[in-house]
Amino acid sequence: MNNYNWTEKNKELIWVDDDTLNITSTIIDRHIENGDGKKLAYIFESDDKEVIQLTYKDLFEKSNQSANLLKKYVVNKGDRVFLFLPRIPDLYINFLGVLKAGAIAGTMFSAFGADALKDRLSNSGAKIVFTTKELSERILAVKSELPELQHIFIIDDEEYIKEFASQKKEFSPVPTRSEDYAFMLYTSGTTGKPKGIVHAHAALVQQIETAKYVLDLKEGDMYWCTADPGWVTGIVYGILTPLALGVTSFVHTGRFEPDLWYSFVEKYKISVWYTAPTAIRMMMAKGDELVKKHDFSKLRYLASVGEPLNPEAIEWSQKVFEGKYFHDTWWQTETGSIMIANTPDLPLKIGSMGKPLPWVDAEIIDDEGNPVPPDTEGNLAILPPWPSIMRTVWQNQEKYSSYFLKNWYISGDRAKKDTDGYFWFIGRADDVIKTSGERVGPFEVESALVEYEGVIEAGVIGKPDEIRGEIIKAFVVLKPGVTPSEELKTKLQEHVKHHLAGHAYPREIEFIDKLPKTRSGKIMRRILKAKELGQDIGDTSTLEEY
Ligand code: WTA
């Protein structure tokens, strides 16, 4: 293990020197004790231009009310409480309330459909879910299949609002231990349903250290992390670390639109901006003229995460933001914090993800777990443990164990390391799709497609796309007698949007007669992809048909 002194760091950053740690004490309550309650924690702006501001004191009091409400409904340490909310104050307040109550907070994108919700709420055995009237309908559609779900808190319901308001504004965070679980996120792999990646309170020290060291976050910053808390970036770098460091965060409640985003950077005097390559490429596609209409003089530091950051996007940012450019950062839901990055002081090698952080032992290894020479492709692996690594995969020890080979944690990414120690991303070792930065499992999409009448089977791949990194493409086999048509494609797309998620539908559908399969009947997505890209389909000796 890397001998970085996390015990000392804990004293410096977390302000505790024993094992009792509820991170909400560090990220919220401490600011109040220090007399900084008046400081702004969040500024929200919605698409209809409504602005809401929350000070640290507001967040402190409201998260206490939330925790009191949860206690009233008998939420105990370790219970799972989920948030199915758009990026509105209630999401942030109740996320903290759940942690204060000692429970495990789970987040879900508001784009999720009923099936995606059912999988997550059922697997986690969630007791309570916070949502809005509008979104609640999707949960109600599957409620009968969720025996452990006891209450649905509807945050825009009159009764709920009254009950919340009547809760006391004082609460002492439940004294969790540092190894107790704080939050969980469902994330996709190649096979099966999404898995619940679980993080402990103890992760905070490394998360704060990376926010300082990689994102250059400092007190007094106006910070904008564009990620939704349904994604790990939105939790770690959108809630936990900016609060811990006492900065003010901006949150845009609405949809992505380049002109609007520029105007936010200008209006809110954003100094640190953390976003994703797809957003950068969408801005790029709108042209330079739009950028010139805005004032970016307060912008100090730009960073990006989630998918490969192409050299053109970096060069473009250098050109339009007066020499400032997006710094690539690499990490995963499972790693809990940034692992490899272009840090502020690291000379840029354009197209590289940068170097492992000083406390990270990263290596490129072969399939047997042995390091390979520089400039050789292999598996990107990291030597555990580290404070922010996932603690378990919810009720799936087998999946958890599958991440480890010899002494290594295997990321599932293929990469190279050059002779200077810079890491270069190559691709996924499996079939996981990254579309607009979102991680989508082909199996989930295939399952949603085959639920549709008239579909026998489906094979789903990620197809390279200039803006979105990848788009989802589905190959669909129809039942005899069902006629392929453009109209049917649209219906299938709507079906997936509705059942799975607004962002996880196939933008391209192709009807085919049969899917390439192994002798054991597994769909060979690799073959579908090679064919799609006009590449050599490689060794097909194990195939039944193709
Ligand atoms: C991909 C994101 C290239 C990678 C915080 C990884 C990246 C997966 C980068 C994790 C990057 C993330 N360059 N690819 N800088 N950052 N990825 O769990 O394939 O949603 O394994 O977490 O995103 O996705 P996740």
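User: Where does K49 sit?

Analyst: K49 is in the loop that runs between β1 (40-45) and β2 (51-55). Keep in mind that this is a predicted model.

User: And what is phi of K49 near?

Analyst: The phi of K49 is near 70 degrees, which is a positive value in a residue that is not glycine. Most residues other than glycine have a negative phi.

User: Peptide bonds next. Which residues does a cis bond join?

Analyst: P384 and P385 are joined by a cis peptide bond, with omega at about -5 degrees. Most peptide bonds are trans.

User: Where is P385 found?

Analyst: P385 belongs to the loop between β17 (378-382) and β18 (392-393).

User: On to the ligand. How many residues surround it, and which are the closest?

Analyst: The ligand is surrounded by 19 residues, and the closest are W231, D328, T329, T333 and R439.

User: What does that shell look like by class?

Analyst: The shell around the ligand has eight nonpolar residues, six charged and five polar.

User: Which side chains put a polar atom by an oxygen of the ligand?

Analyst: K434 has a polar side-chain atom 2.9 Å from a ligand oxygen. For R428, an N or O atom of the side chain is 3.0 Å from an oxygen atom of the ligand.

User: And what lies by a nitrogen of the ligand?

Analyst: That is E307, through its backbone: an N or O atom there lies 3.4 Å from a nitrogen atom of the ligand.

User: Which elements give two or more residues to the shell?

Analyst: Those are α9 (232-244), β13 (326-330) and β21 (423-428). The largest share, three residues, is from β13.

User: Different topic. How many cavities of 30 Å³ or more are there?

Analyst: Searching the whole structure gives two cavities of 30 Å³ or more.

User: Last one, aromatics. How many pairs?

Analyst: The structure has 35 aromatic pairs. One of them is the stacked pair of W224 and W273, at 5.7 Å centre to centre with 10 degrees between the planes.

User: Why does that pair tie together parts that are apart in sequence?

Analyst: W224 is in strand β9 (residues 222-225) and W273 is in strand β11 (residues 272-275), so the pair ties together parts 49 residues apart in sequence.

Methods. Residues are numbered from 1 along each chain as its sequence is written. This is a predicted model: local features need pLDDT of at least 70, side-chain atom pairs count only at pLDDT 80 or more; totals for chains, interfaces and linings use all residues. Side-chain values use heavy atoms; hydrogens and water are left out. A residue is near a molecule or strand if one of its heavy atoms lies within 4 Å of it. A polar contact is a pair of N or O atoms within 3.5 Å; within protein, one must be able to donate a hydrogen and the other to accept it, and residues adjacent in sequence count only if both atoms are side-chain atoms. Helices (H or I, at least four residues) and strands (E, at least two) are DSSP runs, numbered from the N terminus. Ala, Val, Leu, Ile, Met, Phe, Trp, Tyr, Cys and Pro count as nonpolar, Asp, Glu, Lys and Arg as charged, and the others, Gly among them, as polar. On a 1 Å grid over the protein atoms alone, a cavity is a set of points where a 1.4 Å probe fits but cannot get out, and a pocket is an open set with protein on both sides within 12 Å along at least five of seven lines; lining residues have an atom within 4 Å of a point. Grid points are joined across faces, edges and corners, and a volume is the space filled by probe spheres set on the points. Rings of Phe, Tyr and Trp (its six-membered ring) pair if their centres lie within 6.5 Å; planes under 30 degrees apart count as stacked, over 60 as edge-to-face and the rest as tilted.
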